[in-house]
Amino acid sequence: MKAWHDYHISGYRVQSIDRVITIDLVWNYQSETNIPSAKVIFSGVQGYEFRNDGMGSIVLDFEEYDIDEFFESFGAAIEKSYATTGAFGGWTANMPKAKEAFKNSNAKAYVLNASYGLEGWVISNAVEEVYA
């Protein structure tokens, strides 16, 4: 996956029934680029968390995490959120079982790191980059 460093997030959509998340990106600078805008489309979404949406977010990168590394970094926060709100769905009730299921499927974890604003993560079965 392309890192999309310094692209601006112009919007995002969560389609919970279809389990699809689309992140719209634009190159919002005077300098030229071969890709003025794009969409990053996650499908087969198993869970996600976005935070710090500043209505002007700039991407540092999208980073693919190994499932073990992802759960080591984010597992405690996911468990805490599930315990207080039920967030992320039923798979969080048994994290070791969920981790093994994700490892045995084609699910991958992606972390959105921000230079400014929106950051978070997505676990999905597929990701597609569409250049506009």
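Visitor: What makes a local feature or a side-chain atom pair count here?
Guide: In this predicted model, local features need pLDDT of at least 70 and side-chain atom pairs count only at pLDDT 80 or more, while totals for chains, interfaces and linings use all residues. Residues are numbered from 1 along each chain as its sequence is written, and side-chain values use heavy atoms, with hydrogens and water left out.

Visitor: Where in the chain is confidence lowest, and where is confidence highest?
Guide: pLDDT is the predictor's confidence in each residue, from 0 to 100. Helix α1 (residues 67-85) has the lowest mean, 84, and strand β2 (residues 20-26) the highest, 98. The chain averages 90, and 95% of the residues score at least 70. Helices (H or I, at least four residues) and strands (E, at least two) are DSSP runs, numbered from the N terminus.

Visitor: Why is D24 called buried?
Guide: Buried means under 20% relative accessible area, exposed over 50%, and partly exposed in between (1.4 Å probe, protein chains only). D24 has 10% relative accessibility, so D24 counts as buried.

Visitor: Why is R13 called partly exposed?
Guide: R13 has 38% relative accessibility and therefore counts as partly exposed.

Visitor: What makes the contact between R13 and D24 a salt bridge?
Guide: A salt bridge is a side-chain nitrogen of Lys or Arg within 4 Å of a carboxyl oxygen of Asp or Glu. The side chains of R13 and D24 meet at 2.7 Å, N to O. The pair links strand β1 to strand β2, 11 residues apart.

Visitor: How do you know that E119 and R51 also form a salt bridge?
Guide: Their N to O distance is 3.9 Å, and the cut-off is 4 Å. E119 is in strand β7 (residues 119-124) and R51 in strand β4 (residues 47-51), 68 residues apart.

Visitor: What does the salt bridge between D68 and K99 tie together?
Guide: D68 and K99 meet at 3.5 Å, N to O. D68 lies in helix α1 and K99 in helix α2, so the pair ties together parts that are 31 residues apart in sequence. Salt bridges that share partners join D68, K99, E100 and K103 into one network.

Visitor: Why is E72 called exposed?
Guide: E72 has a relative accessible area of 73%, so E72 is exposed.
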